[in-house]
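Here are my notes on this entry, for someone opening it for the first time. Please read them with the structure in view.

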Amino acid sequence: SASGPHAWTVPPNSSVAFPTGTVISLRNGVSGGTITLTRGSGVSLYVGGETTSKDPTFSAGGLATLVKEGTDVWVVSGAGLT
């Protein structure tokens, strides 16, 4: 129910050891704000269909899915991602 932009950090494996293959669904319920997924230290985060690691954002109402592909490698896809 908060407004404005937010940042959520994908932690490195050394902080939170999610098993490879973990799937996490995210929903941006923030009214009028974007959420930026930021990479923790050493984390690579790829948007599906892209080959460059980056900190993507998703808009209000957006839905995203994170999939852990390797020790510190995640892929995110969904609606409203940029």
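1. Leaving out residues up to four places away in sequence, Gly4 touches Val30, Ser31, Gly33 and Thr34, where contact means heavy atoms within 4.5 Å. Gly4 sits in the segment before strand 1 (6-10). Thr34 is 30 residues from Gly4 along the chain, and their C-alpha atoms are separated by 6.9 Å.

2. The model is a predicted one, in which local features need pLDDT of at least 70 and side-chain atom pairs count only at pLDDT 80 or more, while totals for chains, interfaces and linings use all residues. Residues are numbered from 1 along each chain as its sequence is written, and side-chain values use heavy atoms, with hydrogens and water left out.

3. The protein has 6 strands and 0 helices, giving the pattern β-β-β-β-β-β along the sequence. The radius of gyration is 12 Å, close to the 12 Å that the globule rule gives for 82 residues, so the protein is as compact as a globular protein of that length. Strands (E, at least two residues) and helices (H or I, at least four) are DSSP runs, numbered from the N terminus. The radius is taken over C-alpha atoms, and the globule rule is 2.2 Å times the number of residues to the power 0.38.

4. Along its principal axes the C-alpha trace spans about 35 × 25 × 20 Å. Among contacts with a separation of 6 or more, 64% are between residues 24 or more positions apart.

5. Of the 82 residues, 32% are buried, that is, under 20% relative accessible area with a 1.4 Å probe, counting protein chains only; exposed is over 50%, and partly exposed lies in between.

6. The largest nonpolar core has 14 residues, and those with the most contacts inside it are Leu37, Leu45, Phe58, Leu66 and Val76. Two or more residues each come from strand 3 (35-39), strand 4 (44-47), strand 5 (57-70) and strand 6 (73-81). Such a core is a set of buried Ala, Val, Leu, Ile, Met, Phe, Trp, Tyr and Cys residues joined through side-chain atoms within 4.5 Å.

7. Leu66 lies in strand 5. At 5% relative accessibility, Leu66 counts as buried. Beyond neighbours within four places in sequence, its contacts include Val10, Ile24, Leu37, Leu45 and Val76.

8. Leu37 touches Leu66 in turn, and residues up to four places away aside, its other contacts include Trp8, Asp55, Pro56 and Phe58.
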